[in-house]
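I opened my notebook on a structure that was new to me. Here is what I looked up.

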Amino acid sequence: MIEAYLAFGSNIGNKINLIKTAYILLELSTNIHIEKKSHFYFSKAYKGEDLNDFVNSVIKIKTILTPNELLSRTQNIEKILGRKKNTSDKYENRTIDIDILFYGNQKISQKDLLIPHSDIENRDFVLIPLKEIAPKIILPSKKTIDEVTKSIENTTRIIYEKEY
């Protein structure tokens, strides 16, 4: 089985419940096992966009799905939870967003799939929950999460305890 990390974000509706529902739908999927979940975090919209505030989390999974199969599964969950496809180049409010951050040690560069996630090192709302569940992970720049989080603005705050 491959170890992968997924990031979740929601800024419409009952954000925490939408992410929890996404977790449940993943757990009901064949060939996906959730190993760890971060707390839920509150963050402002990325790059100061004029959007609603987000709730974010990161999970570690084990899977035998290929990266493209995993992408298809996460996009299906987004659709089930009311995510509308973005029709412009601008960021938009969304019920749920699920990104594949890492898939083992693989590097993938396809039109619809970039692994590791292309902008991970500029996103405190991803790095902070990732650091919680994988503090020793090495980022694409070969830096540690500690090194990177010290060099970027950090506005992400914990808001909700995880359930275990």
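Buried means under 20% relative accessible area, with exposed over 50% and partly exposed in between, for a 1.4 Å probe and protein chains only. Tyr 5 lies in strand E1 (residues 2–10) and Phe 102 in strand E5 (residues 97–103), so their pair ties together parts that are 97 residues apart in sequence. I took strands (E, at least two residues) and helices (H or I, at least four) as DSSP runs, numbered from the N terminus.

I noted the sources next. This is a predicted model, where local features need pLDDT of at least 70, side-chain atom pairs count only at pLDDT 80 or more, and totals for chains, interfaces and linings use all residues. Residues are numbered from 1 along each chain as its sequence is written, and side-chain values use heavy atoms, leaving out hydrogens and water.

Then I searched the whole structure for aromatic pairs and found 3. Rings of Phe, Tyr and Trp (its six-membered ring) pair if their centres lie within 6.5 Å; planes under 30 degrees apart count as stacked, over 60 as edge-to-face and the rest as tilted. Tyr 5 and Phe 102 are edge-to-face, at 6.4 Å centre to centre and 85° between the planes. Tyr 23 and Phe 40 are stacked, at 6.1 Å and 25°. Ring pairs link Phe 8, Tyr 23 and Phe 40 into a cluster.

Last, I checked the whole chain. I counted 4 helices and 8 strands. Of its 164 residues, 48% count as buried.
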